[in-house]
Amino acid sequence: MTTGGAAASTASRQAGVTSVTRRKVEDQIVALLKHTSAVALVEGELGVGKSHLLDRIRASTASMTRTMVPGHCTPGCGPLQPVLEAVLAAPDLVPQQGNPVLGALVSSLPELADRLPPSLPSLSDPRADLARRLRALHVLFSSPEPAVLLLDDVHWADDGTRALLQYFARRPPVNLAMVLTYRPYEHPMYLMHRGTSGFPVKHILLEPLDDGDTVVLAERLCEGAPLPQDTRALLPLTEGIPLAITALVRDAFALSAQRHPTLPAALRDAYLEPLQQQNRDLRGLVRAAAVCVDGATEAELKGLSGLSEAAISTALPIALATGILREIRPNRFGCHRELARQAIHDATPVVLRRRLHRTAATLWPDDPIRTAHHLFQAGDLDRWRIHSEHSAETAIGAGDWSTAVQLLREVLWRAELATDERVHLAMTLSRAAFDGLDNEHIIATVRDILSAVPLPEAVRGELRNNLGILLLSQAGDHVGGYHELEHAAGELEQSNPALALKVMSSLAIPYTGRRHISTHLAWLDRVEAGLTDPAIRPDPLTAETIHVNKLTTLMSIGSPKAWHAASLLTEDTDDPGLARQRLRGCLNLTDSASWLGHYTAARRYLSRGRLWSRQLGAAYLTEQLHVAAVLLDWLSGDWTNLRDTAETLITRYAALPLVASECRLVAGALAFELGDTAAAIAHLTDISAAHPDTTAAPPISATAAALLARHHYHRGAKTTAMRHLDAALGVIADTGMSVWASDILPVAAELLPHAARTRELQQLLDTTTADLNNTDAPSAKAGLALARAMTHDFTQSPPTTVLDAYDHALACYTELPRPQWIATIHVLRDRYAHTVLHHDTNDLAIAADIFGTLGATTSQRRCQNLLKSRTPRKRGRPGYGPQLSPREAEVAALACDGHTNAHIAHRLGLSIRTVEQHIAHALRKTGATSRHDLAAHTG
């Protein structure tokens, strides 16, 4: 068996990584060694790279005129053996026939007898012999030739070496510097050197690598080949320990490919070595802790190990002091590293290990997942399967879908099942998986069953439907998910028409599949037609699912019909299945209403969804509610601490790219507003519609592309800007969902004219106007109003037309409200008044205040700097005195013709409020007392 010191040394030398932190440590030691006498005490846990550091020190000091004397302590080494072998490796350190006391070393160094004085006879007292040898070594290391003693793993030092180090600590050799490495928890008193002005001592802690350096080391170990993705995913298991990283990469430690991974021998032996030095009670305690992945309390360890309370009280402090165990949480003790736990667990004799797991299975009756784990590890497979399936059924009944998924997934993966049992479990699991958070294995399993197992058409259709939903809602595979749903609808239409209608209602939702809205509405028409068929009678849960999907479609397209149908979502029910669908409906409507610009309604649905969530505990939908809240806060201008929240959620949902994409949009948009351009681009590029592999939903990808287009345009990268803008416009054109274009239209109005694409812009505005007709989509209509105002501005329309158009856009955004765009319109109005009309307004000051309130410091600073740079001019909008402005005259004429304010607003593209203001101005200026009287004054 390889010793831990040797294993660590070999792996560390193989696994060198010179990070910034490690270079600083190295530089500190090299600087210290410039003193003729100095000591560096390097503390580091097993496998952290102490031996590699000593190799680097030797290489870095090669140019120094000092003799390097490397030594290595190992368990069971003989008296003074590490130091004597170090001297043997550096024979030039020994002078020819030097001080007679060096003769005390002849018997230990016969290879150097020709250089040493005559051998001295042994003394009658062994202690006196040792003292003489210590004096001899002191004389040797005090030679005129400066030397550096590099002694590794001093925690294994024998009594003689310890005595020598104590001697050197009290009487430092004149020309000797030392670098001594040791493990934490094992810092002996003989290393407690006290520095003086002529004898500096440096204590250095060598810590594990951070995440970045861990990846760098792993890539370097691949020797030019790319680091496999599976290996990269496993790197966190190494916890930054170079020994473990080396084993993972070089010994193909493929945990992802094994349910029962085997640690590489060198790694296993290194982690077992500290335990082998301990007594029987302590080994029993540590083995008990090793079967508990999440650690155990002192009482639980007593029950598992069978040790007495007195034995536990003695063994536990020693295990903690030596670093074999640690307190991983208050009053819960476990192995210091997860890989150490695995090594100890796997090395425990199988009969003892199974007995420990069998006992552990009785300790946590309220934790079905932990109990199932211990039953399986105990080899009691029948009880494990019965327990898992029964506990999963109980969890589903209680709405605890996450627990059910974890239990059933293990049974489906590990158990030997007949085909019908496997299909039944896969069906149950795929249904429960809608509320799970890690369903990669479930998706793979369902795919395998669909491809390899003959199934009745109805069963195949339902499995395919569940797979499609998982691909769409969690994996972000829009094309694959929609394809599975289309196949499922065909397979179920004859065998289970009610379920087929549910599948069709999923196909009707515009967020799925990236199809044109006409395709989705065609599916909705088929659903409506099917519901009128008396032969098709969906059960209550299926009917509820269909209703929620229909409602999602109607709200997504801005249909006024959605509001009345949405009232069902707030009705109470004791049925967990119906409640879950209403929670899903609240989530969908929160998202859809947010994009439409109905922020008050969105918050109402979000609040009701949270009530359902607390009732059900549906993990996936609950997580989605957090994300929906972030998106809503960004759109509505509630930006306090929002970027930090979004960043946190991005990390939490890294395994759910579709969910994380909404958080990336918000984090990227806010990063731009804070001037953090690099972070913004990093967040938005992968979710942009211009990215070929984006998993983001269409409104997310289109909006991200528009944000990037505007940024790149203002940085002069016009080709890149137009590529992102075209991708955003492509999403809107391909889906026909102009209700998602609120943040895209103003960017198009800014960029297209400068690319000589004015006609294309006009076509876009006309198409959007037609698409938004008869829709309840105030946000998109506000974006359209602003885009038209910007177009009037660019094409040099009459001032009243431009200013009225900006006023109308401002009114639209104010009604939402959308503070970011309100401030933007004030900036645009100011620019127009200042550069075209040569007037100053208070618009820029208003914009700066709004940006400041939002926390958009970059835009606020831009406004403030512009204000400071200006020379005051005449203020205000150009006036017409007592005369009607062209727009006032136009509105007055229509009012005199009998048109209502609403009709005038629609005809002229104004808000009703703006029309009312124009009529009030006309009445005041003409002295008319009514709309009828106005005709006489303006005729």
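How many disulfides does the structure hold? It holds zero disulfides, a disulfide being a pair of cysteine sulfur atoms within 2.5 Å.

Before selecting anything, note that this is a predicted model, in which local features need pLDDT of at least 70 and side-chain atom pairs count only at pLDDT 80 or more, while totals for chains, interfaces and linings use all residues. Residues are numbered from 1 along each chain as its sequence is written, and side-chain values use heavy atoms, with hydrogens and water left out.

**Cysteines**

Select Cys77 and Cys73. The closest cysteine sulfur to that of Cys77 is in Cys73, at 5.6 Å, which is too far for a bond. Cys77 has 12% relative accessibility and counts as buried (under 20% relative accessible area; exposed is over 50%, partly exposed in between; 1.4 Å probe, protein chains only). Next, select Cys335: its closest cysteine sulfur, in Cys292, is 9.4 Å away, again too far for a bond. Cys335 is buried at 9%.

**Salt bridges**

The count is 35 salt bridges, each a side-chain nitrogen of Lys or Arg within 4 Å of a carboxyl oxygen of Asp or Glu. Select Arg332 and Glu300, which form one at 3.3 Å, N to O. Arg332 is in strand β7 (residues 332-335) and Glu300 in helix α12 (residues 298-305), 32 residues apart; helices (H or I, at least four residues) and strands (E, at least two) are DSSP runs, numbered from the N terminus. Both Arg332 and Glu300 are buried.

Move to Arg526 and Glu493, whose closest N and O atoms are 2.9 Å apart in a salt bridge. Arg526 lies in helix α24 and Glu493 in helix α22 (residues 478-495), so the bridge ties together parts 33 residues apart in sequence. Arg526 is partly exposed at 36% relative accessibility, and Glu493 is partly exposed at 34%.

Then select Glu45, Glu239 and Arg337 together: salt bridges link them in a network.

**Aromatic rings**

There are four aromatic pairs. Rings of Phe, Tyr and Trp (its six-membered ring) pair if their centres lie within 6.5 Å; planes under 30 degrees apart count as stacked, over 60 as edge-to-face and the rest as tilted. Select Phe376 and Trp384, an edge-to-face pair with 4.9 Å between centres and 65 degrees between planes. Phe376 is buried at 12% relative accessibility, and Trp384 is buried at 3%.

Finish at Tyr511 and Trp740, a tilted pair at 5.3 Å and 50 degrees. These two residues are 229 residues apart, and both are buried.
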